[in-house]
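The entries below follow the order in which I looked.

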Amino acid sequence: MTGKRNSSLTYKDAGVDIEAGDALVDAIKPLAASTKRPGCDADLGGFGAFFDLKAAGFKDPVLVSSTDGVGTKLKLAIDTGIFDTVGIDLVAMCVNDLVVQGAEPLFFLDYYSTGALNVADAAKVVEGIAEGCRQAGSALIGGETAEMPGLYAKGDFDLAGFSVGAVERDAILTGTNVQPGDVLLGISSSGLHSNGFSLIRKLVEQLGLAHDGPAPFAPQTPLGAALLVPTRIYVRQCLEGLKTGAVKALAHITGGGIVENLPRVLRDGVVAEIDAGLWDLPPVFQWVMREANLPPHEMCRTFNCGMGMIAVVDGARVAEATKALSSHGDKVQEIGWIAEARTGKPATTVAGAPGTWGEPDLWVSRSSD
């Protein structure tokens with residue numbers, strides 16, 4: 001026999017706090033407003049948002065879209081209570097994938113899901129998202145906050161980002177004009193960015209390190225904060241580089257590292273050859289390589305190894321491209337070149353150098369076949 005209830009069961013009793021959701025919307029409205037740009041007023045509250053491509057200055061645009069998350073770096077943020085940087089990561093992972101197509105990011109939406117909404121923590125995350133959008137010149141036009149009790153452990157949440165950009169039809173970056181003799185320019189990363197954190201978290205656990213203790217590779221900074229340095233956003237500098245006409249292709253170095261991502265922008269008939277002796281492996285990567293006992297080829301297909309973006313540029317216009325790509329304070333340097341493909345030659349070869357990356361081995365990506 002089914003018992004009868006004498007009192008009502010509200011949505012809040014079931015674990016969903018509508019008032020908290022409303023409070024979060026009120027808290028983030030000024031953050032969204034701070035990302036306004038031509039074509040969109042970045043106002044929240046409607047069922048959808050409009051974007052006027054003509055008002056943004058486009059004549060014959062092609063839309064480009066991207067979606068991503070921040071992986072298990074999010075778990076590190078939850079464990080440390082540092083929530084103001086992963087929002088930047090979220091934007092970076094999406095907009096950096098747009099600009100390598102030649103596209104200018106236009107607008108961004110986020111998805112935040114949790115078991116029980118903590119307005120203060122969620123607002124910090126959105127503060128980071130807004131900051132990332134400002135850095136990218138993208139409008140934060142909306143998103144979704146989902147409170148789903150029973151689906152997440154206490155304190156856990158997840159993030160996803162969605163970015164849309166546009167490029168004039170005749171300016172789409174395809175890499176079809178890449179030629180032997182072109183030069184590879186690396187744009188320095190800010191650190192680990194948002195890849196390889198399952199390995200990083202496991203390493204920290206095995207070494208028994210505390211998140212609030214000094215980072216072995218940066219003793220003046222707590223480990224958690226050092227690992228959570230946000231992903232560099234490369235939009236403005238890459239767009240400056242594209243204006244010169246000297247940049248033929250761009251590769252965002254994310255999951256899969258250099259050897260998996262660079263071949264994605266190469267046409268048939270050419271290969272990229274990188275001399276890793278041309279730059280020093282940053283301290284955080286030296287630490288990972290040493291403590292995890294990773295061989296060079298594994299480092300190079302897991303992490304960005306200090307190069308978050310790689311540009312293929314006209315060999316006769318290297319100085320011009322370097323100036324444009326470094327226009328927002330990034331360190332830009334030559335790291336290799338494009339050569340003619342030969343039968344059986346891999347799409348990318350990376351030569352090490354004693355004293356920088358350990359052994360002077362050849363690191364080879366997936367085959368170009």
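**Entry 1: α5 and α9.** I found that the axes of α5 and α9 cross at roughly 65° and come within 11 Å. Axes here are lines fitted to C-alpha atoms, for helices over the stretch in contact, with angles from 0 to 180 degrees between N-to-C directions. Helices (H or I, at least four residues) and strands (E, at least two) are DSSP runs, numbered from the N terminus. I noted the crossing of α5 and α9 as left-handed; a crossing is left-handed if the near helix is turned anticlockwise from the far one by less than a right angle, and right-handed if clockwise. On the α5 side L199, I200, L203, V204 and L207 meet W287, V288 and E291 of α9, where contact means heavy atoms within 4.5 Å.

**Basis.** I am working on a predicted model, in which local features need pLDDT of at least 70 and side-chain atom pairs count only at pLDDT 80 or more, while totals for chains, interfaces and linings use all residues. Residues are numbered from 1 along each chain as its sequence is written, and side-chain values use heavy atoms, with hydrogens and water left out.

**Entry 2: α7 and α11.** I looked up helix α7 (residues 235–244) against helix α11 (residues 318–325): they pack with their axes 7 Å apart, at an angle of about 150°. That makes α7 roughly antiparallel to α11 (under 35 degrees counts as roughly parallel, over 145 as roughly antiparallel, 65 to 115 as roughly perpendicular and the rest as oblique). The crossing of α7 past α11 is right-handed. Q237, C238, E240, G241 and T244 in α7 meet E320, A324 and L325 in α11.

**Entry 3: α2.** In helix α2 (residues 73–80) I recorded K73, L74, L76, A77 and I78 as buried. Buried means under 20% relative accessible area, exposed over 50% and partly exposed in between, with a 1.4 Å probe and protein chains only. The cover over these buried residues includes α3 (86–99), β4 (157–168), α5 (197–207) and α6 (223–227). After α2 comes G81, with a positive phi near 75°.

**Entry 4: the sheet.** I read an open sheet of 4 strands in the order β1-β4-β2-β3, with mixed pairing. Its edge strands, β1 (61–68) and β3 (139–147), each pair on one side only; two strands pair if DSSP finds at least two bridges between them. Strands β2 and β3 run parallel and are joined by 8 bridges. Y112 stands opposite T145 in β3.

**Entry 5: aromatic pairs.** How many aromatic pairs does the structure hold? I counted 5. Rings of Phe, Tyr and Trp (its six-membered ring) pair if their centres lie within 6.5 Å; planes under 30 degrees apart count as stacked, over 60 as edge-to-face and the rest as tilted. Y112 and F157 are stacked, because their ring centres are 4.9 Å apart and their planes stand at 15°. This pair links distant parts of the chain, 45 residues apart, with Y112 in strand β2 (residues 104–114) and F157 in strand β4. Y112 is buried at 4% relative accessibility, and F157 is buried at 7%.

I then took F217 and W287, whose ring centres are 5.2 Å apart with planes at 45°, so the pair is tilted. F217 is in the loop between β6 (214–215) and β7 (218–222) and W287 in helix α9 (residues 283–291), so the pair ties together parts 70 residues apart in sequence. F217 is buried at 16% relative accessible area, and W287 is buried at 2% relative accessibility.
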